[in-house]
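Let's take a walk through the inside of a protein. Have the sequence and the 3D view ready, and follow along as we go.

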Amino acid sequence: MKALVTGAAAGLGSALVQRLLSDGGSIVAIDREDVPGSDRIVPLVADLSERGQVDGIIPQLVAGGPYDFVVHNAGISATGPFEEIPADAYRRLLTVNTETPMVMTAALLQAGAFAQGASLLFISSLSHATGYPGGAVYAASKDALAVYAKSIRAQMKKNGVHVMTVFPGPIRTEHASRHAPGSARADQRMDPSELAGRIVAAAGRRRKVLYPGPQARIGRIAGALAPGLTTRFMRRAIFEKLDRTVY
């Protein structure tokens, strides 16, 4: 199995790389930080918030295919009162979280770089169901990614590619801790290795969407049945407890 994983140096991306390696895969791993290479890992360093760098690595991505498994995992956030965050921080966020996955997907499809029967995965967010007071533009970027994935699913199926969107809740990563309120408990977040296993297993079952774990499933149901109440809860639980602006 040949895989492509973005945001592969840490957190969920690193856990996905390790899980796919354990399944015998070889991986093209992209991050702005160096990913240690091996005989089964091809590391590519690129800042996915810069369109020029994204365009620059596309020939290498195409050459590394065809891929059986592609995961658009890279993501960045910006938390705090949205009016306090600089416009350039939002530009970078929207490029990494939304534009880059779209650009890469189109380029890979155009070049025939998906293997027949491949899985194409988009890591969205539970904010799709609950809202995210304190991270409004992050939520918007992940919502746009989810709608994009849903919209291309039929076309990709005709090209022999299965599309799945993942809506995780809080993950036990350094990135999540950096953007969470200081009072938040890391032990209540899902371990990245557990999440990686759930994602790979769900892709193998050809799931279209995955809300991994009880916390995500409860959030999905609450958001559907009581959207206003859920958003107010999120505001109290996150926004009102934020003690800093981070971007």
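**Spaces and cores inside the model**

The largest cavity holds about 40 Å³ of space. Keep in mind that this is a predicted model. When the whole structure is searched, one cavity of 30 Å³ or more turns up.

Which residues surround the largest cavity? Its lining is made up of Thr6, Leu48, His72, Ala74, Val96, Thr100, Pro101 and Met104. Helix H3 contributes the most to this lining, with four residues. Sorted by class, the lining has five nonpolar and three polar residues, and no charged ones.

In soluble globular proteins, nonpolar side chains tend to be buried together. Here, the largest nonpolar core has 43 residues, and the members that touch the most others are Leu48, Leu61 and Leu120. At least two residues of this core come from each of several elements, including strand S2 (26-31), helix H2 (51-64), helix H3 (87-110) and helix H5 (136-158).

Finally, look at the second largest pocket, which has a volume of about 170 Å³. Which helix or strand gives the largest share of its lining? That is H5, with four residues. Among the lining residues of this pocket are His128, Lys150, Arg153, Phe167, Tyr211 and Arg220. By class, the lining of this pocket divides into five nonpolar, two polar and three charged residues.

Terms used:
Residues numbered from 1 in each chain as written. Predicted model: local features only at pLDDT ≥ 70, side-chain atom pairs only at ≥ 80, totals over all residues. Heavy atoms only, no water. Core = buried A, V, L, I, M, F, W, Y, C linked by side-chain atoms within 4.5 Å. Buried < 20%, exposed > 50% of the residue type's maximum accessible area, 1.4 Å probe, protein only. 1 Å grid on protein atoms, 1.4 Å probe; cavity = no way out; pocket = protein on both sides within 12 Å on 5 of 7 lines; lining within 4 Å. Points joined across faces, edges and corners; volume = space filled by probe spheres on them. Nonpolar A, V, L, I, M, F, W, Y, C, P; charged D, E, K, R; others polar.
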